[in-house]
Every structure is written in structure tokens, then in C-alpha cells.
Amino acid sequence: MDARRRTVIDPKVRMVGFVTPTADMPAETAPGTTTTTTQASGLSQAPATTVSNFSPSPVIIPPPQKAAAPPVPVPSPVIQSRPVEIEYPSAAVVGSNPSDSLLASSSLPSSKTGIFMSDLSSVKHLTAGTVDRPGERLMRPLDLLAASMPAGTGTIGVKPGKGQPTSSSSSSQVLPVRVGSVPKSTASKPEPQQATTTEASKPLKERTSKAERRAKQEAERAAKAAAKESGGEKATTGGEGGIGQSTVQKESKAQKAKKEHVPERKGPQPSEKKGTDKMPEKEKKKEVPAPRLQFDDQQKVAKAKRRSLVEQTETKNRVELFRHLPQYVHGTQLPALEAKFFHDDTMQPHPAVYQVGLQYLTGEIVGGNARCIAMLMALRSMILDYTTPGEKTLVRDLMARINNNVNFFITCRPLSISMGNAIRFLKARIAKLAVSLPEAEAKASLVAEIDKFMQEKIVFADKEIVKHAVTKIRDGDVLLTHGWSCVVEMILIRAKEMGKKFRVVVVDSRPKLEGKGLLRQLLSKNIQCTYTHMNASPYIMQEVTRVFLGASSVLSNGTVYSRVGTACVAMVAHAFSVPVMICCETYKFHERVQLDSITSNELGDPDALVKVPGRNDLSALEGWADNEHLQLLNLTYDATPADYVSMIITELGMVPPTSVPVILREYRKEPTI
Amino acid sequence: MFPAGQLASTCHPYMIIAYRAGHKMKVSNLPVTEVKTGLDIPAGGVTFEWLRQAEDASLHRDQEVHTVAGVYGGQPFSVIEEFNFWRGKPELAEAVAAIKALTAVIKRSEASTMMGLEIELRNASDALKAWDETSISLTAGCNLFLRYVTRTSAVEYEDIAAGKARLIERGERFGEISQKARRTIAMLGQDFVHDGCTILTHGFSRVVLALLKLATANGKRFSVICTEGRPDNTGAEVAKELLSVGIPVTLILDSGVAYMMEKVDMVLVGAEGVVESGGIINMLGTYQAALVARTMNKPVYVAAESYKFARLFPLDQRDMSPSPRHVDFAEPIPPEVTVENSARDYTPPQYLTLLFTDLGVLTPSAVSDELIQLYL
């Protein structure tokens, strides 16, 4: 809702808010544990046959109106419909042992995942596959918790003792109760009430008097102090660790967790209101700036983890300076992800979104523009298939849906700044829709807006940039570029088509070696190229006359946030007084200011550094994770200070880096609201 | 000396008019207008083939425009002659002359719609720009006027006669506006001149002269060192002008800038054009003077009217349209020797301290700010 709050590479904490409803649902079954079992067994047989198994499974209480809703339409995805092949290391183990699924391993045969994106029937398959084993479904909400235990050799989230026996071995009936109780503010609340709708819970708010609230806060504070005294052990113990024990501490922890939660909430989901109701006014005011989750804050991470959708496998040896960033997770968590998303209709990503998400995950779609276009296309088809459920308004419900889908994208890979901007734009457009507008018209206008955004901000912008940039290429120039920026590629090819005579130096860097892709493109156009690695850049820079670089984002102090290595190239160029030109569409500009590459960045796969292709003898890094004295850092982005940038080429013309705030001021008034 | 009202206008002269016309400064950006030209994206997705086609189409269109401009040059009335007539007047800067010439085009225009008038003007200005590609202030003047016409025509969409009258009035008054801008700059800039200081100046600039004269008139005592300014001998002209108001002048060789710099308190130059980066394009030797001043930590001030702001962004000296200048050498030189001499050079913004403009005293980075507001 609040677009401004949404910053960019937003951490996993954001998904926190959306897990709550999922966790809420099983609470329904709480009163009698026996009912849960029967329902669970009922679930295991029923859904495999019908299309409606796409809709929530019986364990979860579906939103009332959902019963009337038609089966979820599954269009064939608009974007490249090639299947995504994902390798699962342990895919062979299927259902042999229910506890297996609690680990990061897959519960699906990989063949099914392979075709899964292409049509509805395979989606059915998949769901059937997941549901096959009774009991497993019930465990799902706890996958994460449980999984972190065996794998929990890392520093954070080790949950010793109490919780373990129940979650791994004991009957599954108990588990939902525990999960269900978490988001509720107090355990003392009568269970049936929790399931009631928002209207029912509203009076509750009035009932808690000021004195009561104060008392509660006091208790909380005391509990906190006590927890601190008793040392780190308790701090790391999950608040929900013990099931039967409802001590004051446990209760207060749950409350605290809720508070942590609050800033991340997005308004529209009605189920969340239950949680918000009890929040004191003070907290509400504080709500505004949601700080990004710092991943080195153990308590917060533990909390976020509990609610997270994905396994957060612990990267073993974290690099000290970058502890606060979400650590790289391997793409093997798909099963857990599916389980989280697919068993709840409201959480469930649209098939197109799912496909694109997986393509992010596997690295099939890379590059700022490609990712942004793919995302917009996916959201576009989501909007096309969207029908407003009865009793809900399109604006609010659609916004919630989009949030869910965007969350899915984030779980696959952190959003880039440009994608954040695009989402911001889309949300602003949704928020602006008149409530009275018929659904069909609203959808049409949104789709038109998305199309317009893609055309104007990306396609035409690129075209303009190319037009501007080629004027800076003269005959006899030696142009240097780094990595593979699609705009730079277009510029070089265009300049060649215009008959300019120039030479290109492609500087590449490990581990991605993206420059090779660019090199292939350029060579196919008969452009004269030199290919070299980063180490040689100071040498090669002597003969270079212009440096063209792409950017992931340009921040308002002129800092260029781009693929790692850009800063190095820019600095070398600066040292040789070679003008550095950054080609970047204005939709990638961001108001944020960043002075270094540490505060916000994305961590890549550390394992990518281990192997050098063609050099099997270099095995020093193998098994690096076992060496506690060794940490591997694979950064994805870096920040180039404005001093090293001569010019930023945008679709609005060529501007110095100092003019970025001007462009933001003049052009962003409207999309950001 | 001047009424306060004159100084109050820290807004661009064209903008003032735009506001007066009730035009709510709707910033229309160029790429978007391009977008509207009937290119429809296929619903399915965005492909690069499609992009290329569109690009080719737009290139083709550009060529057409150029041929039209060529035809225009052949017509009996010539903008260029008109321009040369105005340029002959001593007090008029080149940009002003260009705008006067364009005003003449409007007067003669038989276009029945604002759109038609706009196209006619665009062709005329293209012809002017093509006639002298090297002149930055000419280009800037033409662009500025066209920009104004576009904005006005958006307001006066219906009534061509009224729109035309407004444009003509505007064009006629431009000389006056330019004078006023000069006075504003002199007023703002003279504060930086203090008693007993020594100012180095390079090239002949009406604004710099106005500034120095105003400072003397306000009772400041200072001396000026001026460079010879080969081959145009601008130094002698400046010296003559300054002596007439009683400012002591020292004349030095262009190559003596570094030698004299230790005695200098500040460098004050005019500009032919101020570019997007905040740097300036000015008479050959300015860059060198700025470099020396920077090395010796002396401030470099530039006095320039805002109509000299141009949407250019040279990356280095060769990145401008060349403007070769013939030089006479006292000794005859063998023909094998290549003589390279440019009329002007580009001074990057990091060597400039401040710019005195009619929009106020700006840092170099603020230039781009103004330009973006003006042109986008």
C-alpha cells in the first residue's frame, strides 16, 4: 500500500507479513486434536483427483467466498514457455520417509518439475505428488523450523531441547496448534474466536483498556529483562519452541514477535487485522519506517525465519562485513516453497509468476531489463486472470495478491532496484483506480499501464539511449565495456550498423564471465573485439578512448550501483582520464543514497568461486565450508562513486551524475505518488 | 542603481513568460512524444526486431526533415541573411540575432495553424544551425526559441493570430531581455570583486565588461590583467573598454597566464556556451587559464547569460564540432607543417568555481538542473 516504504533489495523480512495467514489457518482445527487427524487423512485422498486441489486443502480453512470461486485459470505462460529444469540433489528420495521432506530435499520427482510450468495438468500432477503422503501436509508449516534443527550447525536459529522432540517425531496433530497460536496475541484468547472475521474481532480492541495494555507492556518488559539475564541461550530459543508450556515468557515472546511483525504488514489482508488490533497506538505511529532486516541481528532473523517461506539454509562461513545481508541460498528449496505457497489459495502465486520466479532462481533470466520485463509480463497475466472475490474490493484484494506474488519473486531472488520501481509504479496505479470502476475496465487499464510502462520506460528508453550514445562514438575509437549490458550491446551494434569504425574491448570477470555472451553477439556482427579479464584492465586502458557501462541502478547521489567489477573498471578509466559513460534508463534511478557496496548488496553463490573451469588441479578451495578460517565472498553488485563517472546516458539525454536528483525530482513526482 | 524588480527575476526569462501565459510548465519529455508517433507495440511482447524496425523508421523520418530544410534555404526570404543583418549590430549577441531572425520568419509566415508555424520555424532554425554548425550560442538561441514556441502553442492551441502576435512580441523583446540579463549578472557578479584585487580575464565578453564596469561604478578599486587573445586581438579591445572607465589594465601574452597567475586573485571569463555538464565552451585558452588557476588555487568565475545554456555534453576537446581558425604567423612557415588551431576549447566543470548567470550564481552542477527544467 504505502509505496514509499517499499525499498529495494528488500530482505526476506517482507515475506513475514504474508505468512501469518497461512499459519493462522491451522488454528481452526485446534480445539480437538482428533478432528485434525481425521481432516488430515481426508485431505490426503481427496485433492489428488480434482482440479480444485489447486485451492486450499481441507486442513486450511478456506476463505468463505472461495468456495464459489471458479477453478483457478491457468493460462499458458506468456513469456518463454520453455520448461525450467531444476536439479534436485536428493530428488530420488520420494516419500520414503516423511521427515525427509522436512529437510531441504525435494519431495518431488524432478521430471514432474520439469514440465510443470507448461500446463495445468502438470500442475495438478505436482500438487498430487505433494499431497500423496498423509501427515506430511500438516508438517509443512513447520518445515522450516524443523529443518533448521538438523541443519542448525550455524550460529543462528539453533533450537535446542524443547521443541525438537515434538516436531520431528510426535504426532502431527499437535503441530498445527502450536503454529496457530503464534500470531495470536495471547494464548488466553478463546480459540474459536480466532477464526472469526474481522468484524468479530474488532470489539476486542475496545475491550482492552489502557490499563490492561500498560500492564501487558510491563509484563513484557519484565520478561524481556529476564530473558536477557538468562543469557543468549534463551534468546536463540524460538519463542514458540515449547508447545504445552504457556509460561509468561513464551507468551511475551509471541507478543514481541508480533510487534516485530507489525511494521511489515501491508494493510489489505483482512486476516492480518486480527493481529494489528491489539497493537497499541504508539506502535502504530512508529509503523512508518520499516527498517530492512539486518541478517546479523540474531533475534530478528530467528523470528523472520520462523515465518519465512523458504528454507534459510545457513551459509556456513559468513563473511564478517556482509553478515547483515540475506545469505545466498541454493535453488534446492523448491519443495518447501511450493508447500508454502500452494496449499493456500491466497498465497499461491500465479502460474506465470511461478514460472518467472523459477527462472530467476535458476539464473535463466538475468539482467535488469530482462528481469523487470519478465516480472511485469507475469504480473500482467496475473491481472488478466484475476477475478475479484465477492465482498472484496478490487483495489485492496488485487494489491494483496500482487504483494503475495511479489513475495514469491523475492523468495526466488531479491528484487533489483528497477523491479522495485516497477512494482511501485504498478501499485500506485492500482491505488489510483476508482473504486466504482467495473472490474473489466480496471483490469484493462492496469494492463494498458503495464504495457505502457514496458514500452516507454524500457523499450523506447533503450532506443533513445542508443540514439544518444552513438553520437559519442567516433571513428577510430576504442570502446571498453564490462560484463554484458544489453543497452551497451545495442549501442555497439547500432554504431556498427551506422558504419562507424571502432574497436571494442570486452573486459570480463569471474565467476559469471558474462562478457563471453556479449563477445559472441558482437562477433556475430563483425565488430572487432578484444577480450580480456579484469586483471588486465590497467594495461588495456591505455589504448581505450571511451568506456561504456551498464547499471543496475543509479542512486540519487550519483552513485552507480552495478554488476560487481564496474567500480573497478570505472576507477581504472578515471586514472587514465578516459571518460566513463553509464547507460541507464531513468526507471532504474532511485532516491536512495549509498556510499559503499556493503550496506546493501546481493550475495552470490560462494561455491561459484571454488571451481575454475579447465583447471581441475586447482582444488584448494574444495570443502571450504569445513574450514572455519575460510570465508568465501561472491558479491553481485558494487557501488561506483559519482566521481568516477563522467556522464550518465538516459533516455532524457546525457546528464552528469550530479543531475540524478534533478531527474528524480522532475519526473518521479507522479509514479511514486 | 537598478530597480529591485529587475533583480527579482531569478527565473529564466522564457520561463517567466511561460508562467505569465498561464502555462503550467507541463514538462513534456521528448522520448514520450516520440513514443506517440503511431508506433504500436505488438500485444504479445517486446522484441528487438520490432525495436529495430521502429528505429529505422525514425531514422528515415529524420532524413525527410533535412531535405525540407534544404528546400527552405532556396526560397526568396533567407533566415541566414536576416541573421547576418542582426548580427552586424554591435550590441547584439549571436543568440539574440538568431532569435530576431526567427521572429522575422514568424512575421512572414503564412501558416494557418500553430503546428504549421512550428514546423516552418523548425526548418528555419535547422537551416540556421546548419549554416554555422560551430556556433554554440546560435544553436542554443534557436533551440530556446523553439522550445518557447512549443510551449506557447500548447497554450494558444486554437488562436493562431494571437499566438503569432505573442511570439513576435516575444522575439522583438528578446534583445531587451538579453540586456536585462546582462545587468542582472553584472549586479550579482560585482559582489565578488573586492577592493584591491587583481582579475585575470581572457577573451572579449560583453557580460564581463558590464560586470567590471558596474563594479568600478560602485566605487571598487581593482586592476585587470588581460590576455592578448590571438589571433582576434581581443585583449586590446578589452583594454580599451576598461581604460575608458578608468580601470588599470595590464596586457600579457596568452602564453604568460601561468607566469602572471601568482599575482592574480581571481579569473573571470565569459562563455560562448555553457554545456550540460556545467563546463563552458569559450575562446581558446580558457581551459589553460582555468587549469593554471586551479593548480594555484585561484577561483575561476564565469559570467554567462542563461540563453547560452546548450544541451551539449562534450566529453573532451575533440568531442565538439571542430571550429578551425586561421592564424597568421609573422614568419612564413613551410607548407609541410600542419597548423592546428581551434577557435575555442572546452573547460570541464571541475575547473570552474561559480557561474554568474541571470538565474543566479550557480555552481557548475546546477547548470544541468536548469537545463533539464528548461528542455525536458
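A residue is termed buried when its relative accessible area is under 20%, exposed when it is over 50%, and partly exposed in between (1.4 Å probe, protein chains only). The structure is a predicted model, in which local features need pLDDT of at least 70 and side-chain atom pairs count only at pLDDT 80 or more, whereas totals for chains, interfaces and linings use all residues. Residues are numbered from 1 along each chain as its sequence is written, chains are lettered from A and ligands numbered from 1 in the order in which they are written, and side-chain values use heavy atoms, with hydrogens and water left out.

Helices (H or I, at least four residues) and strands (E, at least two) are DSSP runs, numbered from the N terminus. Helix 23 of chain A comprises residues 486-497. Its 12 residues reach 16 Å from the first C-alpha to the last, close to the 16 Å expected at 1.5 Å a residue, the expected span being 1.5 Å times one less than the number of residues. Because 9 of the 12 residues are buried, helix 23 of chain A is largely enclosed by the rest of the structure. Among the buried residues are A:Val487, A:Met490 and A:Arg494. Just after helix 23 of chain A, A:Gly499 adopts a positive phi of about 85 degrees.

A salt bridge is defined as a side-chain nitrogen of Lys or Arg within 4 Å of a carboxyl oxygen of Asp or Glu. A:Arg494 forms such a bridge with A:Glu497, with the closest N and O atoms 2.9 Å apart. The two residues are 3 residues apart in helix 23 of chain A and are therefore separated by about one helical turn. A:Arg494 counts as buried at 9% relative accessibility, while A:Glu497 is partly exposed, with a relative accessible area of 42%.

Strand 7 of chain A (residues 580-583) directs A:Val580 and A:Ile582 one way and A:Met581 and A:Cys583 the other way, and all are buried. In a regular strand the side chains alternate between the two faces of the sheet. Two strands pair if DSSP finds at least two bridges between them. Strand 7 of chain A runs parallel to strand 4 of chain A (residues 546-550), joined by 4 bridges, and A:Phe548 stands opposite A:Met581. Strand 7 of chain A also pairs in the parallel sense with strand 10 of chain A (residues 647-650) over 3 bridges, where A:Met647 is the bridge partner of A:Met581.

In chain B, 7 strands form an open sheet of mixed pairing in the order 3-2-1-4-7-9-10. Strand 3 (249-252) and strand 10 (360-362) of chain B are its edge strands, each pairing on one side only. Within the sheet, strand 4 (residues 266-269) and strand 7 (residues 300-303) of chain B pair in the parallel sense over 3 bridges, with B:Leu268 opposite B:Tyr301.

Across all chains, the search of the whole structure finds 23 salt bridges. In one of the salt bridges, the side chains of B:Arg325 and B:Asp232 meet at 2.1 Å, N to O. B:Arg325 lies in the loop between strand 7 and strand 8 (344-347) of chain B and B:Asp232 in the loop between strand 2 (223-227) and helix 11 (234-244) of chain B, so the pair ties together parts that are 93 residues apart in sequence. A:Arg474, A:Arg546 and B:Asp316 are linked in a network of salt bridges.
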